[in-house]
Amino acid sequence: MHTAMRLNEVIMKKSKEAKLVLLNMPGPPKNRVGNENYMEFLEVLTEGLNRVLLVRGGGREVITIYS
């Protein structure tokens, strides 16, 4: 949880006045045992921020070439 708290401090310092904060959403735990901690991590990470959009990719890059 220390990591989430520290990241939140940095985000608040740099983006306190932002109308929207975009964050790369950390991946969920591999096993179900950590699910509660994962949600708590996200809550601590985004605490005090007005609007947050958590973005999670599929893990693969997609390159589109228009000709």
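Visitor: How many salt bridges does a search of the whole structure find?

Guide: The search of the whole structure finds one. Please keep in mind that this is a predicted model, where local features need pLDDT of at least 70, side-chain atom pairs count only at pLDDT 80 or more, and totals for chains, interfaces and linings use all residues. Residues are numbered from 1 along each chain as its sequence is written, and side-chain values use heavy atoms, with hydrogens and water left out.

Visitor: Why is the pair E9 and R6 called a salt bridge?

Guide: The term asks for a side-chain nitrogen of Lys or Arg within 4 Å of a carboxyl oxygen of Asp or Glu. For E9 and R6, the closest N and O atoms are 3.4 Å apart, so the pair meets the 4 Å limit. Side chains of opposite charge can pair when their charged atoms come close.

Visitor: Where do E9 and R6 lie?

Guide: Both are in helix 1 (residues 2–15), three residues apart, which is about one turn of the helix. Helices here are DSSP runs of H or I with at least four residues, strands are runs of E with at least two, and both are numbered from the N terminus. The chain has two helices and two strands, in the order α-β-α-β from the N terminus on.

Visitor: What makes E9 and R6 partly exposed?

Guide: Buried means under 20% relative accessible area, exposed means over 50%, and partly exposed is in between (1.4 Å probe, protein chains only). E9 has 44%, so E9 is partly exposed. R6 has 46%, and therefore R6 counts as partly exposed too.

Visitor: Why is N8 called buried?

Guide: N8, which also lies in helix 1, has a relative accessibility of 12%, so N8 counts as buried. Across the chain, buried residues make up 18% of the 67 residues.

Visitor: Which residues is N8 in contact with, leaving aside its neighbours within four places in sequence?

Guide: They are V44, L45, T46 and E47. Contact means heavy atoms within 4.5 Å. In the chain, 70% of the contacts with a separation of 6 or more are between residues 24 or more positions apart.

Visitor: How does the radius of gyration of the chain stand against that of a compact globule?

Guide: The chain has 15 Å, while a compact globule of 67 residues would have a value near 11 Å. The radius is taken over C-alpha atoms, and the globule rule is 2.2 Å times the number of residues to the power 0.38. Along its principal axes, the C-alpha trace spans about 45 × 35 × 15 Å.
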